[in-house]
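Hi,

Here is the structure I promised to pass on.

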Amino acid sequence: MRRVYLDHSATTPVDREVADLMMVYFTEKYGNPSSIHSFGREARHALEEARSQVAGLLGAKPEEITFTSGGTEADNLAILGLAEARQEKGRHLIVSAIEHHAVLDTVKYLEKAGFALTVLPVNSAGIVELDEVIKSLRPDTILVSVMHANNEVGSIQPVAEIGRIVREHGAAFHIDAVQTFGKIPVNVEELKADLLTISAHKIYGPKGVGALYVRKGVRISPLMHGGGQEKKRRSGTENTPAIIGFGKACELAVQRMTEEAERVKKLRDTLLTGIVESIKYVKVNGPQGDLRLPNNVNVSIEFVEGESLLLSLDMLGIAASSGSACTSGSLDPSHVLLAMGLPHEIAHGSLRFTLGRQNTEEDVAYVLEHLPKIVERLRKISPLYDQFNKTK
Amino acid sequence: MYSQKVMEHFTNPRNVGEIPDADGIGEVGNTQCGDVMRIYLDIENDIIKDIKFKTFGCGAAVATSSMVTEMVKGKTIAEALEISNQAVAEALGGLPPQKMHCSNLAADAVHAAIKDYLDKRNKG
């Protein structure tokens with residue numbers, strides 16, 4: 001059976017070149033980078049080169065990069081680390097309503113511990129408005145955290161403008177850039193970031209490694225205590241093979257980014273237009289054009305439920321995702337779609353396709369051939385579709 | 001995540017549709033939680049002669065709806081009232097734990113349809 005992977009915002013395959021390089025650091029150059037002998041030194045050398053590669057893609061200095069176990073840890077380190085270091089100055093935090101749970105649940109944890117929290121609303125396209133940021137800043141605000149682009153609907157946030165406002169105010173600015181890093185330019189100077197989260201497995205690197213950019217002069221308290229690695233910001237022996245793989249993935253992303261973004265954007269537009277033209281009662285979720293990630297398609301298909309769409313697609317070898325409650329593991333559908341003002345039943349019918357490097361025009365054609373038939377079948381058994389047809 | 005039997009009922013659901021002038025209609029669930037099941041019954045001498053369903057929901061919601069229609073067709077209404085959501089899940093070879101609450105409502109829908117039938121009969 002044909003298999004079509006369209007879930008690249010969940011994770012990506014590790015590039016062959018990356019995997020080959022990593023293997024060397026598992027089996028041959030396995031030294032601990034903190035050791036002073038030649039085994040340790042060769043691992044240290046490769047580790048620092050990876051740090052430079054990651055920093056290079058961000059426009060940062062290598063010493064501003066702290067490696068972590070992934071995006072979630074980097075988000076936790078940024079928020080908990082900064083809150084602890086600055087709590088004497090103030091205890092007010094601001095985040096957007098559509099942040100990843102790694103951010104949202106971390107600030108809610110701090111709220112329970114006595115911090116004040118403001119959650120910024122988004123407009124119907126899933127974008128934070130600058131007025132809302134300005135309104136919510138307080139004298140005791142110590143941190144504002146807004147993602148660069150949303151993982152579900154691909155909406156790109158005005159982070160450079162928010163960064164300017166936050167810096168003028170004197171608070172720290174954290175950006176979760178997991179979904180944009182390696183796909184569109186991410187430059188810490190242009191974005192006025194003090195803290196910025198990235199992850200390797202979204203850019204054809206390995207799982208289990210990410211990084212936090214910490215602007216020189218910004219102090220954060222560590223989460224991990226121990227051997228003092230990563231300038232005491234993250235104790236624990238470095239995951240050398242994964243970090244070196246991350247560095248290589250960054251190097252490949254630099255070479256391919258512009259061309260790949262253009263290629264994938266064409267596929268995205270073909271897929272999105274194709275769905276809207278071949279299926280009735282479809283709503284596009286998120287912004288159109290340049291405010292949307294080049295690889296993201298998100299639609300709500302009315303009168304059908306997301307998980308049954310995913311199961312039907314999976315039987316044909318097509319991998320996608322949904323914001324329905326059934327796939328989120330809770331009773332509520334996606335917090336992102338609800339924040340954008342979608343009614344529950346429309347949020348339950350959401351379907352996300354995220355394109356990547358190995359996808360082709362044939363993959364898109366395969367989806368467009370089968371999706372309308374799946375929707376027709378599910379609508380035939382849907383009481384909501386009946387009701388709609390009787391009342392229209 | 002789902003048993004083969006669930007997938008089989010999801011792919012080829014039995015007794016899909018509506019019964020015009022049904023003797024009893026039952027609906028459970030709501031669009032808020034993402035599952036809506038509607039059951040139609042044709043009843044003669046307290047025996048379920050025919051049953052049809054329409055469901056909006058996840059794989060488990062569709063499969064349990066299909067399964068319950070097979071379980072109660074030809075049964076008396078007293079027998080049908082004894083079939084529980086749990087029994088429907090067991091007949092499907094089990095459901096993932098997180099589905100037991102939200103999507104396992106098919107027996108409730110049948111019971112609601114029987115109640116509708118009894119209410120109408122008592123009024124008539």
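Let's start at one lysine: B:Lys120 touches B:Ala22, B:Asp23 and B:Gly24, leaving aside residues up to four places away in sequence (contact means heavy atoms within 4.5 Å). You'll find B:Lys120 in helix α6 of chain B, residues 106-123; helices (H or I, at least four residues) and strands (E, at least two) are DSSP runs, numbered from the N terminus. B:Lys120 counts as partly exposed because its relative accessibility is 40%; buried means under 20% relative accessible area, exposed over 50%, and partly exposed in between (1.4 Å probe, protein chains only).

Before going further, some housekeeping: this is a predicted model, where local features need pLDDT of at least 70 and side-chain atom pairs count only at pLDDT 80 or more, while totals for chains, interfaces and linings use all residues. Residues are numbered from 1 along each chain as its sequence is written, chains are lettered from A and ligands numbered from 1 in the order in which they are written, and side-chain values use heavy atoms, with hydrogens and water left out.

B:Lys115 is exposed at 51% relative accessible area, whereas B:Asp119 is partly exposed at 34%.

Over all chains, the count comes to 32 salt bridges. One of them pairs A:Arg2 with A:Asp363, with the closest N and O atoms 2.8 Å apart. A:Arg2 sits in the segment before β1 (4-5) of chain A and A:Asp363 in helix α12 (residues 361-380) of chain A, so this pair ties together parts that are 361 residues apart in sequence. A:Asp363 is buried, at 8% relative accessible area, while A:Arg2 is partly exposed at 37%.

Now, how do the two chains meet? On chain B, 25 residues are in contact with 25 residues of chain A. Together the chains bury about 2,100 Å², 62% of it on carbon and sulfur atoms; buried area is the accessible area (1.4 Å probe) that two parts lose on being put together, summed over both. B:Phe10, B:Lys54 and B:Phe56 supply 29% of the area that chain B buries against chain A, more than any other three residues. Three salt bridges link chain B and chain A, including A:Glu307 with B:Lys99, whose closest N and O atoms are 2.6 Å apart.

A:Met257, A:Leu293 and A:His335 supply 27% of the area that domain 1 of chain A buries against domain 2 of chain A, more than any other three residues. Across this domain interface of chain A, the rule finds zero salt bridges.

Cheers

Note on methods:
Salt bridge = Lys/Arg side-chain N within 4 Å of Asp/Glu carboxyl O.
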